[in-house]
Amino acid sequence: MAPFLTIVLRDVRIAVRRLSEAANPLLFFIIVTTLFPLALSPSTDEIREVGTGVLWVSALLSSLLALEGLFRSDAEDGSLEQLMLSPVPLGVTVLGKIAAHWLITILPLIALVPILALSYSMPITALPTMFYALLLATPTLSVLVALGAALTVGLRRGGAIVGLLVLPLTAPLLIFGTRATDFALHDEPTAGPLYLLAALAALALALGPVAIAAALRVGIE
Amino acid sequence: MELRARELSVFRGERCLFEGLDFELRPQQLGLVVGANGSGKTTLLRVLAGLAAATSGRVTWRGSAPDSLPLEHRGEIAYRGHLDGLKRDLTVLENLRFHASIWGNATDFAAILQELALGAVANVRVRHLSAGQQRRTSLATLKLCAARLWILDEPTTNLDSDGRGRIIGWIRAHLAAGGTAVIATHQPDELKQSGTLLVEL
Amino acid sequence: MRLPRWFHLLGSPPFVYALAGKVAPWLGAVTCVLLAVGSYWGLVVAPPDRVQGEVYRVLFIHPQIAYVSVMAYVVMAVAASIGYVWRLKLAHAVATTAAPIGASFTACALATGSLWGRPTWGTYWQWTDPRIMSETLLLFLFLGYLALRAAFEDRDKADRVSAILAVVGVVDVPIIHYSVIWWNSLHQGPSIMKLDKPSIAPEMLTPFLIMVVAFTACFYWLLLNGLRGEIVERERDTRWIRQLVEGTRG
């Protein structure tokens, strides 16, 4: 537990010192959700219907932006190899880094969603569900993007293909998350998709770090 | 507590870096790896540390391969390559504290920093240090773990004569205390002592 | 555990090269014969369907191609993981060969599916159909695998990194499949999907199955041929390849 917290604190401290970098995905999120109405020109009724999808896709893309370089600086300055050689299991290190970056970039994004949802005329009654759905979906999302980051860690311009690698894998998250939100919008029971999101999160957090650690070991060679 | 290499060969693609390497290092013994640039010194050291895989052959430290050491033995190997392993946005002291908490040996940071003339920059972020200071900070971490095997890749680059002297002193002290070391260097004479194994690539 | 001799032989490139060379032509023959028989039977002999008329005949091509595309991904993932765990270059060679073939089958499945869609739905593409969505995502998984391989100069790294991606993908494929079906069921409600297989009369079942075997044989025929090329490329600096080349030249 202690090494996990040490790593989380280290990464949070570094991110705080580079706050402008941490703010980028957040600003990206806001800009993209602003561009959609411009492009779609929805009527006042339509805007509520598209709100769910727009917010979820924007959140997905912003997470991609936030996490695709998760291992890059550690690989470049050699601290990743030191962590690999240390008595701390690489899976714990990976979870620590994912947790730190989730706290710094994803959590603020989730906090911002209710405001943007209101701008899309979504009723307040739907907001808690969207909040829970995002809280359950973003850990899995973070694990998947971290996997993409790990697979491309040795590459000079690896960031470019992380999206291609990872986004198809996130389809189930998008499906369950948007459906849960839509059910809430129409006063239908939301437990089903939320439980499924929780199950996926458990699966991802349990198995993801293994795959990510394996990918890092190959990439660092 | 031995480092053993048996029939070690490394090919990168079709290029043979070295093959059939066979040696054994006992406690208090120093192994020096020499060779021209690009001859495979760094690769050999990374294979010994467990960061890279050999094409064939085996490396063992205390009987297990270095990349599959049980967690409690991980702290026994300290590897310092060309990269410093320091976070540029953290201060010297913060880097040392992090390293100590990961590798499990909190000691007197002030004394270590003093020895390497880093006392004045203890609270400066690594990105503002000179190359020599960064190198010294990276080597300072050697004293923060209880490693028995030191694998160092050209440790004295970027160091002035003072710093070089310090590090050489540390290495000799480490060996005298029963440790083992494998060091890649362009100047084997400054480190050579009796019983040193010379590996020429 | 003492492994049987053939297991070790399967790890030897010259042996597999020769074996593939002997087996592939037979698979090619089987493919051509079965494709001819099945096509004639399905397209000419079998009677038109009560509900869909002549259009239903794509049933003899589309589901088979789609089935093979998923099988190709599984073959790729299994081969890649064998190569990763046991460090067998030949297993990696199989995965490398299977990927573009699988991607092509997936693209063909999408194409034939949309040809079926035009007369039955009125449009070439129906985003909300679960099978189109699943198959499209599968295509992206193949393309992602190929893109990742292409990004690495070191072939050994490319092999191992893409193996990890393939394994994660193969775990995700059933999750994607069922989530998409669930998603679609919300739109359609309890009614049967429009492209559900019509109840297959016996005179349609036989050509259907013949085409299943035909396309499977086709995949393995293409795989074995491609594998030989991949082996030659990977082993191009070894003596046995040089002897082979000199032998054919002289």
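Two residues are in contact here if their C-beta atoms, placed from the backbone, lie within 7 Å. Keep that in mind, as I use it throughout.

A word on the model. It is predicted: local features need pLDDT of at least 70, side-chain atom pairs count only at pLDDT 80 or more, and totals for chains, interfaces and linings use all residues. Residues are numbered from 1 along each chain as its sequence is written, and chains are lettered from A, with ligands numbered from 1, in the order in which they are written.

Let me start with one residue in chain C. Asp159(C) touches Gly83(C) and His92(C), leaving aside residues up to four places away in sequence. Asp159(C) sits in helix H6 of chain C, residues 155–188. Helices here are DSSP runs of H or I with at least four residues, strands are runs of E with at least two, and both are numbered from the N terminus. Is Asp159(C) buried or exposed? Buried means 20 or more other C-beta atoms within 10 Å of the residue's own, exposed means 12 or fewer, and partly exposed is in between, again with C-beta atoms placed from the backbone. Asp159(C) has 24 C-beta neighbours inside 10 Å, so it counts as buried. Leu244(C) is 85 residues from Asp159(C) along the chain, and their C-alpha atoms are separated by 26 Å.

Next, where chain A meets chain C. The contact involves 21 residues of chain A and 22 residues of chain C. On the chain A side, the elements giving two or more residues are helices H7 (127–151), H8 (159–166), H9 (171–185) and H10 (191–220) of chain A. By class, that side of chain A has 16 nonpolar, three polar and two charged residues. For the classes, Ala, Val, Leu, Ile, Met, Phe, Trp, Tyr, Cys and Pro count as nonpolar, Asp, Glu, Lys and Arg as charged, and the others, Gly among them, as polar.

Chain B has six helices and eight strands. From the N terminus on, the order is β-β-β-α-β-α-β-α-α-α-β-α-β-β. What about the overall form? The C-alpha atoms of chain B fill a box of roughly 50 × 35 × 35 Å along the principal axes. The radius of gyration is taken over C-alpha atoms, and the globule rule is 2.2 Å times the number of residues to the power 0.38. For 201 residues a compact globule would come out near 17 Å, and chain B agrees because its value is 17 Å. Buried residues make up 42% of the 201 residues in chain B. Of the chain B contacts with a separation of 6 or more, 72% join residues 24 or more positions apart.

Now the sheets. Two strands pair if DSSP finds at least two bridges between them.

Take the three-stranded sheet. It is open, ordered S2-S1-S4 in chain B, with antiparallel pairing. Strands S2 (15–25) and S4 (56–61) of chain B stand at the edges with a single partner strand each, so one side of each has no neighbour in the sheet. Strand S1 of chain B, residues 3–12, pairs with S4(B) over five bridges, antiparallel. One bridge there joins Ser9(B) to Ser56(B) in S4(B). Helix H1 of chain B, residues 41–49, packs on this sheet and touches S1, S2 and S4 of chain B; its direction makes about 130° with that of S1(B). Axes are lines fitted to C-alpha atoms, for helices over the stretch in contact, and angles run from 0 to 180 degrees between N-to-C directions.

The other sheet is open too, with five strands in the order S5-S6-S7-S3-S8 of chain B and parallel pairing. Its edge strands are S5 (77–80) and S8 (197–200) of chain B, each pairing on one side only. The twist averages 10° from one strand to the next. Strand S3 of chain B, residues 30–34, pairs with S8(B) in the parallel sense over four bridges. In that pair, Val33(B) has Val199(B) in S8(B) as its bridge partner.

Ile77(B) stands opposite Leu149(B) in S6(B). Which residues cover the two faces of S5(B)? Ile77(B) and Tyr79(B) lie on one side, Ala78(B) and Arg80(B) on the other, and all are buried.

Last, the domains. Chain B is divided into domain 1 (1–76 + 147–201) and domain 2 (87–144), with bounds from an automatic or database domain assignment. Their C-alpha centres lie 23 Å apart. Each domain of chain B gives ten residues to the contact.
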